[in-house]
2 protein chains.
Amino acid sequence: CVCVCVGSYSASQGVECIRQHVAEFITERDQGVPSDWNNIYLTTGASDGIMSILKLLVSGEGSGRTGVLIPIPQYPLYSAALSELDAVHIHYYLDEDSCWALDIEELQRAYLSAKQLCTPRALCIINPGNPTGQVQSKKCIEEVLHFAYEENLFVMADEVYQDNVYSADCHFHSFKKVLYEMGPEYFNNVELVSFHSTSKGYTGECGFRGGYMEVLNMDPQVKEQLVKLLSVRLCPPVPGQAAMDVIVNPPREHEPSYAQFIKEKSWVLDVLAQKARLTEQILNSVPGIKCNPVQGAMYAFPRIFIPPRAIQEAKARSMAPDMLYCLKLLEETGICVIPGSGFGQREGTYHFRMTILPSPEKLTVLLGKLKEFHLRFLEEYSQEGAQSSSLHREEGAH
Amino acid sequence: CVCVCVGSYSASQGVECIRQHVAEFITERDQGVPSDWNNIYLTTGASDGIMSILKLLVSGEGSGRTGVLIPIPQYPLYSAALSELDAVHIHYYLDEDSCWALDIEELQRAYLSAKQLCTPRALCIINPGNPTGQVQSKKCIEEVLHFAYEENLFVMADEVYQDNVYSADCHFHSFKKVLYEMGPEYFNNVELVSFHSTSKGYTGECGFRGGYMEVLNMDPQVKEQLVKLLSVRLCPPVPGQAAMDVIVNPPREHEPSYAQFIKEKSWVLDVLAQKARLTEQILNSVPGIKCNPVQGAMYAFPRIFIPPRAIQEAKARSMAPDMLYCLKLLEETGICVIPGSGFGQREGTYHFRMTILPSPEKLTVLLGKLKEFHLRFLEEYSQEGAQSSSLHREEGAH
């Protein structure tokens, strides 16, 4: 296609030639795994796609009520969407001690315990993780897909951070490519949707609200309902569709802007990787803070030790302890991070999420202030400084 | 505000200074009726705003299930949204014999009959009308607002066609201004939301998905929930917000582009008015078609006579009779209009909706072909041409 009129409505699934470009992009990304543009739907950011698919999947009451497996910690879009749709939230906990890896046994435990109470129908995975920043191994993805195949679960793979992988020993594996390599019995049967967005990666064009989803093995009659559902809102914003088109059509080697493009892209991703390491290092130098490596995405999600007296004070103020921590941090330093309780965390543990997006210079200053704040906070709430927690001791051994 | 970065997320309610500009625009439009920018929310087109408000209002089961009054014929976003949310659709019929005016007694009838079965909570009005093109009188708006006040109904005023008024004897009256003029008892109590959009008017920038809503007298705690709901999708597309900003900030008299702006705006609206008259005239020249004046919006919604044999054929093919008509029109002429059954209509009447958007030259050719088709259709399905319906006879008297 030569030109797209951004001022006009498009088809509800998105502009046809952009959908074709997306399919070509996916085929190239997955080294030849076929992608059919009829399975591509452009969306108003990834959030809109996730919401549309959940709407299609959720139904029923009582023990027939749809259950959806979501990671804990999770990006709160999922819990908000499930609450809005009145679906059952089935929590599977990511393993903080293994860099927030998805543990297949924990997934099975969550599934089996929920099966008594509802009808589990879908499984959400965020890879690379938000807020946890982990990058899933190929083996783990295989296990998840095998599990989904066995239990007939619809897999929702939130892969918006697919370009944001920083650790040298981690690689992004798309759920689709792994499914393909598991053979036709899997590739032709497992229902899978993958979401992508213009808002992350090395462009970060989040104001345009652009995105796409690729839907595999969805029943044709359900697909008809999906198109009907999308049609009610007419179409995704066309400038956002155009932005998605640009992202899936980067300059090619023979093109004049290629060298400049590669230079800028590498620079953006290299700086992000540098900031991921910097953040982890400085956070881990603070007694009472423990941070997993930021393997991907744009966030650190460190665990913080909160002294019992601070926990008591938070309870007295009807506040989550990490909310008290974050509010104090904001008031005392102007730094805004998000309490872990907004994402979910194992009972009795406390975290916050911070982005690695500020410049390295700003980030260094910011982390320095955060460190000072944390030490002051420990001091303020320690009981004569005599008490110490297991996490505290653990940190001492760093 | 000097500049807005379209590539970044904005606040979920929209960019603050654009909300301020919208409030100033409304104050000016309504000749001084105050507008508070804290009541303005930018949206992803009007559809998204309508959906968000309905989500807030709909709840309950059995006789507690929320009922929403919608006009028939209506723009199908409303019926689709209510079905999606599992709310009760309460139909009030617009009066075709009075240029599709809203009849307050019919509204009361619909309300009272529904009250037995559900809990009516909201009242939707589209003014100027879609698909019916009528412009509501000030007196009628007063009656509607008085009724909403008495019955404690949340008024949803879809005013996206506020700039599209063509008949010399019609004027756009905003629900808000009329409410204000009814006095403080009304203005401080009736819950009212008005929707506007970048997609209509004299700009028609529908691909940007820009819009706003102004919310009056909403309970502060409900407003908090509204912001929470909007936050799940992060923000409306920022280029669409910028387009809305341009529309509410037209060039001023002292500015260099003012003369050009007025020339283009007048030209666009004059041509639309000309096409509104042309469409009505040509349609009414066809035996078996009767079209109300297109007072506003962008559509004609003529009533069509469908011969009994065509009705039988449609039934045999499990199709609405006007769907059969529209499909045949499409197949034989390439002209695409939408059957009235998609918008709702009184039992036993048939219509179609067509836009008046093609150029006058194209529109003349199109209406000529439509006329030929209609005569052929009547001929084809008449039983030896001997039968005649009441509408048929009525048309003969034109």
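Predicted model: local features only at pLDDT ≥ 70, side-chain atom pairs only at ≥ 80, totals over all residues.
Helices (H or I, at least four residues) and strands (E, at least two) are DSSP runs, numbered from the N terminus. The peptide bond that leads from B:N127 into B:P128 is cis, and its omega is near -10°.

A cis bond also joins A:I72 to A:P73, with omega near 0°. A:P73 belongs to the loop between β2 (66-72) and α3 (77-85) of chain A.

## Basis of the model

Residues are numbered from 1 along each chain as its sequence is written, and chains are lettered from A and ligands numbered from 1 in the order in which they are written. Local features need pLDDT of at least 70, side-chain atom pairs count only at pLDDT 80 or more, and totals for chains, interfaces and linings use all residues, while side-chain values use heavy atoms, with hydrogens and water left out.

## Relation between the two chains

The same surface serves both copies, as 100% of the contact residues of chain A recur in chain B, where contact means heavy atoms within 4.5 Å.

## Architecture of chain A

Chain A contains 14 helices and 12 strands. Its radius of gyration is 22 Å, close to the 21 Å given by the globule rule for 398 residues, so chain A is as compact as a globular protein of that length. The radius is taken over C-alpha atoms, and the rule is 2.2 Å times the number of residues to the power 0.38. Along the principal axes, the C-alpha atoms of chain A fill a box of roughly 70 × 60 × 40 Å.

Of the 398 residues in chain A, 56% are buried; buried means under 20% relative accessible area, exposed over 50%, and partly exposed in between (1.4 Å probe, protein chains only). Among contacts in chain A with a separation of 6 or more, 72% link residues 24 or more positions apart.

## The β8–β9 loop

A:M298 occupies the loop between β8 (289-290) and β9 (299-300) of chain A. With a relative accessible area of 8%, A:M298 is buried. Leaving aside neighbours within four places in sequence, its contacts include A:Y161, A:K200, A:M354 and A:I356. A:I356 is 58 residues from A:M298 in sequence, yet the C-alpha atoms of the two are 5.6 Å apart.

In chain B, the loop between β8 (289-290) and β9 (299-300) holds B:A297. B:A297 is buried at 0% relative accessibility, and its phi is positive, near 60°, although the residue is not glycine.

Buried or exposed: which describes A:S52? A:S52, in helix α2 (residues 45-57) of chain A, counts as buried at 8% relative accessibility. Not counting residues up to four places away in sequence, A:S52 touches A:L226, A:L229 and A:L230.

B:Y180 lies in helix α6 (residues 175-181) of chain B and is partly exposed, at 37% relative accessibility. Beyond residues up to four places away in sequence, B:Y180 touches B:V33, B:P34 and B:F187.
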